[in-house]
Amino acid sequence: MSAKVLVVVVTWNAMRWIDRCLGSVADCGANADVMVVDNSSTDGTPARIRERFPRVMLVESGGNLGFGAANNIAFRYALEHRYDYVYLMNQDAWMEKNCLSRLLAAAREEFAVLSPVQKSANGKLDPRFKRKCGKRLKMIKHIAADDTLVLKVPFVMAAHWLVDLRALKTIGGFSPAFPHYGEDDNFIDRMHWWGLDCGIVPAASAVHDRAERKTPRSKRLELKCISTVVKLSDPGSCFP
């Protein structure tokens with residue numbers, strides 16, 4: 001029996017990417033429903049989705065809820081409608097061919113979150129993905145080829161996440177304490193608290209198109225503040 005999967009994209013002024021993002025689902029190698037939660041885009045994104053992707057379930061949130069709260073709307077829907085997995089995909093991202101089917105083939109119960117190899121639009125590894133997971137990928141050279149291989153990693157960014165809804169019932173959704181950034185860090189901290197793992201599937205690949213966008217100094221300072229809150233919110237941080 002095939003898994004029931006909901007692909008979820010949270011949008012805010014996503015016209016630059018939305019055709020490629022949602023269009024990639026057709027080549028993902030698996031049957032999946034698609035939900036977009038739009039955070040009050042002003043660039044015509046909802047109209048574009050209705051025109052080009054009429055089968056997509058479009059939820060207009062009525063405000064900019066942020067990444068976590070908007071995805072929680074989709075999580076609730078998926079749980080109520082008995083999906084097996086939710087695939088979270090950023091608006092500035094897309095799957096490469098057979099990405100989802102390869103993730104599903106590799107899925108196993110101990111992994112709450114699986115990610116494909118995340119690339120930049122230029123084909124190179126996404127810089128943050130390389131920094132967080134690149135060393136694990138080098139291990140592949142010493143392992144026999146296996147399309148269902150999963151490399152356990154301590155963290156992987158939520159631009160592309162396959163979330164097992166059995167685990168979600170234990171972990172809970174994204175914390176409202178993190179409206180913008182830090183949501184995925186906190187989720188993975190709570191995941192580890194419950195003894196669950198995250199991993200990357202080298203046979204699956206996807207793109208996160210952000211390499212040429214520079215982070216201003218004010219945002220870098222904000223992220224440092226958020227990282228402190230993330231550390232304080234880790235349920236395991238107060239134990240030896």
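User: How many residues of strand β4 (residues 85–89) are buried?

Analyst: In this predicted model, 5 of the 5 residues of β4 are buried, so the strand counts as mostly covered.

User: Which residues are on each side of β4?

Analyst: Y85, Y87 and M89 sit on one side, with V86 and L88 on the other. Both faces are covered. As background, side chains in a regular strand alternate between the two faces of the sheet.

User: Which strands does β4 pair with, β1 and β8 in what sense?

Analyst: Strand β1 (residues 5–11) runs parallel to β4, and 4 bridges join the two. Strand β8 (residues 160–164) pairs with β4 in the antiparallel sense, over 5 bridges.

User: What stands opposite V8 in β4, then?

Analyst: L88 does.

User: And which residue of β8 is the bridge partner of M89?

Analyst: H160 is the partner of M89.

User: Back to V8 and L88. Which residue is in contact with both of them?

Analyst: N71 is. Leaving aside neighbours within four places in sequence, N71 is in contact with V8, V10, L88 and F174. N71 lies in helix α3 (residues 67–80).

User: Is N71 buried or exposed?

Analyst: N71 is buried, because its relative accessibility is 1% and the cut-off for buried is under 20%.

User: Next topic, strand β6 (residues 111–119). How many of its residues are buried?

Analyst: 8 of its 9 residues are buried, so β6 is largely enclosed by the rest of the structure.

User: What does β6 pair with?

Analyst: Strand β9 (residues 197–208) runs parallel to β6, joined by 8 bridges. In that pairing, P116 has V201 as its bridge partner. β6 also pairs with β8, in the antiparallel sense, over 2 bridges. V113 stands opposite V163 in β8.

User: How many cavities of 30 Å³ or more are there in the whole structure?

Analyst: The search finds 1. About 40 Å³ of space lies in the largest cavity.

User: Which residues line the largest cavity?

Analyst: The lining is made of Y85, A107, R108, F111, A112, V113, L114, L162, V163 and D164. β6 and β8 are the elements that give two or more residues to this lining. The largest share, 4 residues, comes from β6.

User: Switching to cysteines. How many disulfides does the count come to?

Analyst: The count comes to 0 disulfides.

User: Why is C28 too far for a bond with C99?

Analyst: The sulfur of C28 is 7.9 Å from the sulfur of C99, its closest cysteine sulfur, and a disulfide needs the two sulfur atoms within 2.5 Å.

User: Are C28, C99 and C21 buried or exposed?

Analyst: C28 is buried at a relative accessible area of 0%. C99 is buried, also with a value of 0%. C21 counts as buried at 0% relative accessibility.

User: Where is C99 found, and what is C99 in contact with?

Analyst: C99 is found in helix α4 (residues 99–106). Leaving aside neighbours within four places in sequence, C99 is in contact with C28, Y87, P116, A204, S205 and A206. The C-alpha atoms of C99 and A206 are separated by 6.9 Å, and the two residues are 107 residues apart along the chain.

User: What about helix α7 (residues 183–193), how many of its residues are buried?

Analyst: 8 of its 11 residues are buried, and the helix is mostly covered. The buried residues are E183, D184, N186, F187, I188, D189, R190 and M191.

User: Which residue just after α7 takes a positive phi?

Analyst: G195 does, with a phi of about 75 degrees.

User: Last, the chain as a whole. How many helices and strands, and what share of residues is buried?

Analyst: The protein chain has 8 helices and 9 strands. Of its 240 residues, 46% count as buried. The accessible surface comes to about 12600 Å², and 52% of that belongs to carbon and sulfur atoms.

User: And of the contacts between residues at least 6 apart in sequence, what percentage join residues at least 24 apart?

Analyst: That figure is 78% for the protein chain.

Notes:
Residues are numbered from 1 along each chain as its sequence is written. This is a predicted model: local features need pLDDT of at least 70, side-chain atom pairs count only at pLDDT 80 or more; totals for chains, interfaces and linings use all residues. Side-chain values use heavy atoms; hydrogens and water are left out. Buried means under 20% relative accessible area, exposed over 50%, partly exposed in between (1.4 Å probe, protein chains only). Two strands pair if DSSP finds at least two bridges between them. Contact means heavy atoms within 4.5 Å. Accessible areas come from the Shrake-Rupley method with a 1.4 Å probe; for residues, only the protein chains shown count as cover. On a 1 Å grid over the protein atoms alone, a cavity is a set of points where a 1.4 Å probe fits but cannot get out, and a pocket is an open set with protein on both sides within 12 Å along at least five of seven lines; lining residues have an atom within 4 Å of a point. Grid points are joined across faces, edges and corners, and a volume is the space filled by probe spheres set on the points.
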